[in-house]
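Subject: Structure handover

Hi,

Here is the structure you asked about. Please load it before reading on; my notes follow below.

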Amino acid sequence: MADEQVRLRAVDKVFVTGHPPAPLHALGPVDLDIKRGEFFAVVGPSGCGKSTLLELIAGLSRPTQGTIEFEGRPIGNEPPDGIGVVFQDDASLPWLNVSDNVAFGLRRSSLGGAERDERVRNALTLVGLSEFATAYPAQLSGGMRQRVCIARTLVMKPRLILLDEPFGALDQQTRLLMGDELLRLWRQTEATVFLITHALDEATMLADRIAVMSARPGRLVDFVETHWPRDRDSRIIQDSEFGAITARLWKTLREESIKTIGQKIGAAP
Amino acid sequence: MINRLIVYRALVIGAVIALLEVLCLTGVIDKITMQPPHQIARDLYRMLVSGRMNGAILKTLNNTLLALLLALGVGIIAGALLHRWRGVRDTLDPLFATYYAVPVFAFYPFFIVVFGLGDVPQILIAFMLGVVAMIVNTLNGLDRVPAVLLKTARIMRLSPVDTARRVTLPAAGPYIVTGIKLAVAYAFIGVIGSEFIMSRGGIGYEISFAYLNFDNATMYPLIVLILLASIVINAFLSRWEQRLLVRRGMR
């Protein structure tokens, strides 16, 4: 199918770690198709391999087995063109001001100076940081720095945006509002969004389709479609469907989380 | 609070100078041993105005700057390369760890034998003193670059050279500045120290020459000149370091 942007087939990831070295089956087997323009979310217990999955799709690490294709081409040793990633950790560059941070990826592109400035200005407006163009990251809050990273990804006009728990460090209100912003950006850019989160409500509110990941080795054990309209915002958390979807996610995720944390908690009366 | 500290420091320095002045004028310290501070200041002024030491001063500054630039260039590039070549780095690690236990000056006669009594042996000694501080601090800084920045560089599809130039070296910036501060000090020590031991000119040579001739009117002003120069340079570097750290919210 032409509108399948990302394709994973029988993907496994095994790390060899520790003393003495021992194989650790982190992920797989995973089969997954992500459609162009889709907002796709993955939820899963901590340590289940969510970030590993993201790094594989980004081309930051290689699968031990299986194939990953982006826009019909297998991903090689390095990240392909057209993918942007927003990481969980603060990835702003502390020696550059906000505007230079956002322009960072454009320096080698063939864009002219005016076009580049225009894109940076637009991205800053989009994430609400226009007034902070000359500030340094150290002067900003964690949420604002994360928005700098989002803007830095957006100016590259990626066709696929991968987000690894981008709002993990933020408080609940800020997360809801950032979610609204993300939905708006997703509509405006028409990019595909792949979001990793441990927050069920965040996944339910944002995504068209949600995959639940099992305890390690991470596999995708359930897929839930939300059927939200494309034009939506955080107010859908009042919708009756919202509770039903979150409940279904939790039903699957609860069992997997218990496996991760240990049997005792689940076995208690 | 900070202003008060500056006043206290100025008072301490002023008190020491005043004490020396009194001791010299009352004859507790005799004239052959040391000149009173006001005399040293006047001699220094005269010396600078007459320009008779300009050649020596220029030679020392020139050689120090050359050695420093060499140490910075080689140190940063070697640090960046060693950071990539884990095996080489692990092999050389004991050398870096014990390097400053070796009196580099012991090699000076050997360098003179090989390169002659020109500027090269002095520059070489100063370079050898400074370069390892530069390598060690560059490595130290590169070790502390957050993994997420390296991933960002890969996602942006930067080449290894661009990654070093635009991500890892700037990220290691504050540590590299610390290395530069040390390298500046070592470069001065290396050049002036070797001039003392044996050379055909330079501030160190002139001090030693004046010492041998009981020429206090030359020796003390030159010592003060070296003191002032290193204090001024260090103050500038410290301010630069401070600004970097403040910008990054590290202080």
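**Where the chains meet**

In this predicted model, 14 residues of chain B are in contact with 15 residues of chain A. On the chain B side, helix α7 (residues 147-155) gives the most, with six residues. By class, the chain B side that touches chain A has six nonpolar, three polar and five charged residues.

B:Arg157 sits in the loop between α7 and α8 (160-171) of chain B. Its phi is near 60 degrees, a positive value in a residue other than glycine. B:Arg157 counts as partly exposed, because it has 17 C-beta neighbours inside 10 Å.

**Chain B domains**

Chain B is divided into domain 1 (1-31) and domain 2 (35-247). The C-alpha centres of these two domains of chain B lie 30 Å apart. Their contact takes five residues from domain 1 and four residues from domain 2. The domain 1 side of that contact has four nonpolar residues, no polar ones and one charged.

**Chain A overall**

Chain A has eight helices and 10 strands. Its C-alpha atoms fill a box of roughly 60 × 45 × 40 Å along the principal axes. The radius of gyration of chain A is 19 Å; a compact globule of 269 residues would be near 18 Å, so the two agree. Of the 269 residues of chain A, 43% count as buried. Take the contacts in chain A between residues at least 6 apart in sequence: 71% of them join residues at least 24 apart.

**The open sheet in chain A**

Four strands of chain A form an open sheet, in the order β2-β1-β4-β5, with antiparallel pairing. The edges are β2 (22-35) and β5 (73-74) of chain A. Each has a single partner strand, so one side of each is left without a neighbour in the sheet. Strand β4 (residues 65-70) of chain A is joined to β5(A) by two bridges, and the two run antiparallel. There, A:Phe70 has A:Arg73 as its bridge partner in β5(A).

**The covered strand, β3(A)**

Which residues cover the two faces of β3(A)? On one side are A:Phe39, A:Ala41 and A:Val43, and on the other A:Phe40 and A:Val42; all are buried.

- Strand β8 (residues 192-197) of chain A runs parallel to β3(A), with five bridges joining them. The bridge partner of A:Phe40 in β8(A) is A:Phe194.
- Strand β9 (residues 209-213) of chain A also pairs with β3(A) in the parallel sense, over four bridges. Here A:Val43 stands opposite A:Val212 in β9(A).

**Backbone points in chain A**

- The peptide bond from A:His19 to A:Pro20 is cis, with omega near -5 degrees. A:Pro20 lies in the loop between β1 (4-17) and β2 of chain A.
- A:Arg216 and A:Pro217 are joined by a cis peptide bond, with omega about -5 degrees. A:Pro217 is in the loop between β9 and β10 (220-225) of chain A.
- A:Glu190 has a positive phi of about 60 degrees, although it is not a glycine. A:Glu190 lies in the loop between α5 (172-189) and β8 of chain A. With 9 other C-beta atoms within 10 Å, A:Glu190 is exposed.

Best wishes

Notes:
Residues numbered from 1 in each chain as written. Chains lettered and ligands numbered in written order. Predicted model: local features only at pLDDT ≥ 70, side-chain atom pairs only at ≥ 80, totals over all residues. Rg over C-alpha atoms; globule rule 2.2 N^0.38 Å. Buried ≥ 20, exposed ≤ 12 C-beta atoms within 10 Å, placed from the backbone. Contact = placed C-beta atoms within 7 Å. Domains from an automatic or database assignment. Nonpolar A, V, L, I, M, F, W, Y, C, P; charged D, E, K, R; others polar. Pairing = 2+ DSSP bridges.
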